[in-house]
Amino acid sequence: MLGALLTLLVIGAVAYALAVAPIGGVIALVFVAAFLVLAYRRLSLLAYSVAFTVLLAAYTAAGPGPWAWKGVLWALLALVWALNIRPLRKALISRPFMRTYRRLLPSMSTTEREALEAGTVWWDGELFTGAPRWDRLLAARPPRLSAEEQAFLDGPCEELCRMIDDWDITHRRGDMPAEVWEYLRTRGFFAMIIPKRYGGLEFSAYAHSCVLAKIASRSTTVSSTVAVPNSLGPAELLNHYGTEEQKSHYLPRLARGEEIPCFALTGPRAGSDAASIPDTGIVCRGTWQGREIVGIRLNFSKRYITLAPVATVIGLAFRLFDPDGLLRREAPAGAPSDRASRDPGDIGITCALIPRGTAGISVGRRHFPLNIPFQNGPIQGKDVFVPLDFIIGGPRTAGQGWRMLVEQLSVGRCISLPSNATGGAKAAVWATGAYARIRRQFSASISRFEGVQSILARMVGLTYIMDAARSVTAGAIDGGEKPSVPSAMLKYHVTEMGRQVANDAMDVHGGKAICIGPRNYLARGYESVPIAITVEGANVLTRSLIIFGQGAVRCHPYVLREMNAARNPDRRRGLDEFDAALFGHMGFAISNAVRSLVMGLTLARFESVPDRGATRRYYQHVVRFSASFAFAVDVAMLTLGGYLKKKESLSARLGDVLSSLYLASMVLKHYNDEDQPPDDLPIIEWACRHLLYQAQEQLHGFLRNFPNRPLAALMRLFIVPRGLTYFAPSDRLGRRVAELVTSATGSRERLCRFIYSTLEPTNPLGLLHEALTLAPMAEPIEQRIRVEGVRPGRVTALDLPGRIEQALAAGIISEPEAARLRDYDRKVMELVRVDDFAPGELGVGAGELHRPAPADREPIHAVVEPDRVGP
Ligand SMILES: Cc1cc2nc3c(=O)[nH]c(=O)nc-3n(C[C@H](O)[C@H](O)[C@H](O)COP(=O)(O)OP(=O)(O)OC[C@H]3O[C@@H](n4cnc5c(N)ncnc54)[C@H](O)[C@@H]3O)c2cc1C
């Protein structure tokens with residue numbers, strides 16, 4: 001409303017100016033238009049100077065107005081020209097600015113800087129520019145499976161899924177059976193990221209992700225177990241940082257499944273703030289295998305460590321201290337003394353591999369994560385003495401553990417949790433679409449009810465987004481990227497979307513999903529959701545602190561350049577770099593303001609984008625919101641500075657805008673990679689509308705909560721000059737999307753590709769799909785019974801079996817039709833059935849896992865965590 005009023009006001013003012021002073025008005029408009037075009041096209045300062053010199057010369061020669069006024073304009077232009085003289089502007093503007101900037105810049109250790117600079121900037125960086133270059137995204141090769149990878153999915157992976165009995169694992173055993181463990185170990189499931197020369201499978205990130213998604217569609221316990229050795233952990237760290245000796249020793253053993261790894265970072269005192277671990281390693285002399293050597297004495301207490309209870313080799317993160325300078329003598333070229341602390345002996349976070357049997361380690365007890373009994377538990381170490389060679393990469397990489405972890409997180413976070421969540425969501429959509437079609441209430445399939453359709457549409461749209469993000473980002477990793485900010489976006493948004501899809505699937509299934517037992521194919525997935533939300537950076541933290549916090553420094557085209565220039569010890573070079581970055585930044589900010597305003601007014605209709613078809617407008621809106629986002633970021637950073645980090649809700653909203661734009665781009669790219677099947681278009685529309693609407697709403701929320709209210713009002717003019725014009729997906733669109741998964745369509749197959757949907761007696765996904773394919777045959781027969789039998793009173797039975805017999809007797813349906821309908825009804829009722837148990841049966845078969853250990857009975861306040869602090 002306000003936007004419309006302002007637009008009218010501007011039009012009115014221009015019309016008035018033209019009416020009162022036609023020539024002056026036209027000239028003013030020419031100047032404004034020239035400025036807008038130059039800024040929109042992001043031309044250089046020199047181009048501005050030349051263009052305005054020409055315009056001003058023409059105006060001075062032929063235009064009206066007093067000479068004094070013209071003189072003022074020339075003086076202003078002279079100032080603009082002066083800005084082109086670099087030595088002058090450096091002396092007058094950049095140098096004093098840099099001095100103040102340096103004073104305000106928080107100090108940063110080498111470790112912090114390395115962590116911040118870890119990974120690469122990819123499409124996330126383009127979105128920060130306000131003018132993303134689509135060719136960079138669209139030119140990337142679509143992710144594809146090699147013949148070998150496809151064979152693994154169709155062979156061992158399919159066989160593994162067949163072997164899994166999730167109820168047996170989660171309820172009876174509290175563990176996977178020995179044959180599943182054996183199969184995983186010997187068939188390479190723990191070796192997907194290990195190079196072939198060490199006996200691994202060396203799969204692409206995309207294949208790795210597809211394998212996890214497929215297993216997750218069958219069992220979260222098994223997919224979590226497979227995810228960990230292939231994710232951030234010993235194999236990954238050894239691959240990238242291990243010495244050749246370490247690689248040759250461990251990687252073949254890990255590939256053959258002879259060693260089971262875990263990685264222990266988290267402890268009772270350090271969860272989200274993992275860099276603050278109090279676990280210590282002191283470089284000292286000690287005895288190792290009968291010899292006196294320089295080694296490390298470790299004291300640590302870790303918890304929540306996946307695979308710890310069965311691990312044979314423990315990846316350990318600890319803080320290394322070298323109080324006597326022994327490390328320096330042992331490895332003089334290594335271990336630069338960065339250190340976040342001032343203690344000269346504090347080497348920093350270090351990662352090592354410790355064999356399970358090393359004296360002083362206690363491991364083996366289990367945690368019980370929400371009925372998903374993958375192996376997870378605590379590990380303690382007291383005065384564990386190990387050689388320096390146990391450090392991953394050897395003594396030379398002592399103190400570089402945090403950088404290693406952050407670097408590897410850039411890849412790992414894009415794969416494990418997003419793939420598991422996507423596999424779960426695909427299975428939920430596959431099952432729920434079929435279930436909604438075959439489940440009848442009020443004499444109709446529940447898939448016909450609008451309430452159910454809107455939920456199904458959300459499930460489908462979100463799953464498409466998750467799958468697109470997973471596939472395209474994995475493809476980027478295979479292309480050499482280590483996308484650190486997208487990894488945080490995927491971790492947060494894909495797991496949150498997975499949570500929504502799991503909730504929705506439960507709602508559509510009703511009581512069928514509530515009563516657990518072997519027939520319940522949703523409950524364990526639903527129960528597992530909070531695990532994905534918590535691990536690898538808990539979601540609240542990831543949204544509030546990481547996505548935007550890291551993105552603002554890492555992806556912004558100028559911020560990191562300015563920071564590095566200001567910190568450059570070579571002052572002269574630093575000033576040169578700072579000057580270039582500062583003036584580049586100013587032009588960038590002005591351009592984004594103009595682009596945001598112009599695209600806000602025109603709804604980006606004239607923005608040139610690579611697609612001319614049905615998705616063209618979505619490309620344009622991504623560009624529009626990217627410019628608005630970049631503009632908002634600069635205003636926020638300029639006015640709030642470091643305080644923005646504390647204003648987590650504002651940072652989170654900016655992170656949400658960035659994520660929505662990233663995810664919408666992934667959807668468009670994925671659709672392109674799939675050769676744009678026209679049948680999928682409603683899903684693309686739903687997904688893009690949903691994401692772009694979110695982007696608009698989060699920008700709106702940012703503006704509403706921005707502390708400087710006049711500035712917020714000004715920003716609003718540039719960001720949403722016509723008000724909130726973007727709308728969420730319509731009900732009609734939702735209906736079309738829902739229909740795509742409640743029939744056996746190509747879209748349903750494409751969306752749910754890679755799940756375990758084989759038709760066999762123990763696979764509900766296969767059975768549900770079978771029933772769905774039979775529904776179009778059964779429904780017309782049932783309809784005929786209703787119209788010709790029930791309504792005229794010729795058929796009076798209350799249930800379908802009775803009605804079938806009466807309709808057959810009355811000649812309404814034939815014997816073959818009756819047989820087909822009986823068979824369909826039997827199958828449907830099998831699928832609708834839930835489990836029941838004899839009194840006392842529940843809990844009895846749960847075995848060891850459910851039997852409390854003596855320590856569990858102690859009062860909570862009496863439990864003392866064996867946690868050790870200090871060197
Ligand atoms: C099943 C399971 C498996 C795991 N596997 C492993 C493993 O193999 N290896 C390993 O090292 N660790 C593992 N973890 C640990 C996991 O990474 C941590 O649980 C996680 O980092 C969160 O730490 P925390 O649970 O102590 O929560 P806390 O750090 O106590 O956080 C509590 C809440 O506060 C929020 N929060 C914290 N700081 C901020 C902030 N600045 N701004 C906003 N919100 C904030 C968090 O988001 C969270 O919601 C596992 C955990 C679980 C539950």
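Predicted model: local features only at pLDDT ≥ 70, side-chain atom pairs only at ≥ 80, totals over all residues.
1. The C-alpha trace, taken along its principal axes, spans about 105 × 95 × 55 Å.

2. The radius of gyration of the protein chain is 32 Å, which agrees with the value near 29 Å that a compact globule of 871 residues would have. Of these 871 residues, 55% count as buried, where buried means under 20% relative accessible area. When contacts between residues at least 6 apart in sequence are considered, 77% of them join residues at least 24 apart.

3. The accessible surface of the protein chain comes to about 37,200 Å², and carbon and sulfur atoms account for 58% of that area. As for charge, the chain carries 100 positive and 84 negative side chains, with the centres of the two sets lying 7 Å apart.

4. Helix α10 covers residues 166–173, and because 6 of its 8 residues are buried, α10 is largely enclosed by the rest of the structure. The buried residues are Asp 166, Trp 167, Asp 168, Ile 169, Thr 170 and His 171, and what covers them includes α13 (220–227) and α21 (523–534).

5. To return to the opening question, the residue that follows α10 is Gly 174, and its phi is positive, near 70°.

How values were computed
Residues numbered from 1 in each chain as written. Heavy atoms only, no water. Buried < 20%, exposed > 50% of the residue type's maximum accessible area, 1.4 Å probe, protein only. Helix = DSSP H or I, 4+ residues; strand = E, 2+ residues; numbered from the N terminus. Contact = heavy atoms within 4.5 Å. Rg over C-alpha atoms; globule rule 2.2 N^0.38 Å. Areas by Shrake-Rupley, 256 points an atom, 1.4 Å probe, with all protein chains shown as cover. Lys, Arg positive; Asp, Glu negative; His and termini not counted. Charge placed at Lys NZ, Arg CZ, Asp CG, Glu CD.
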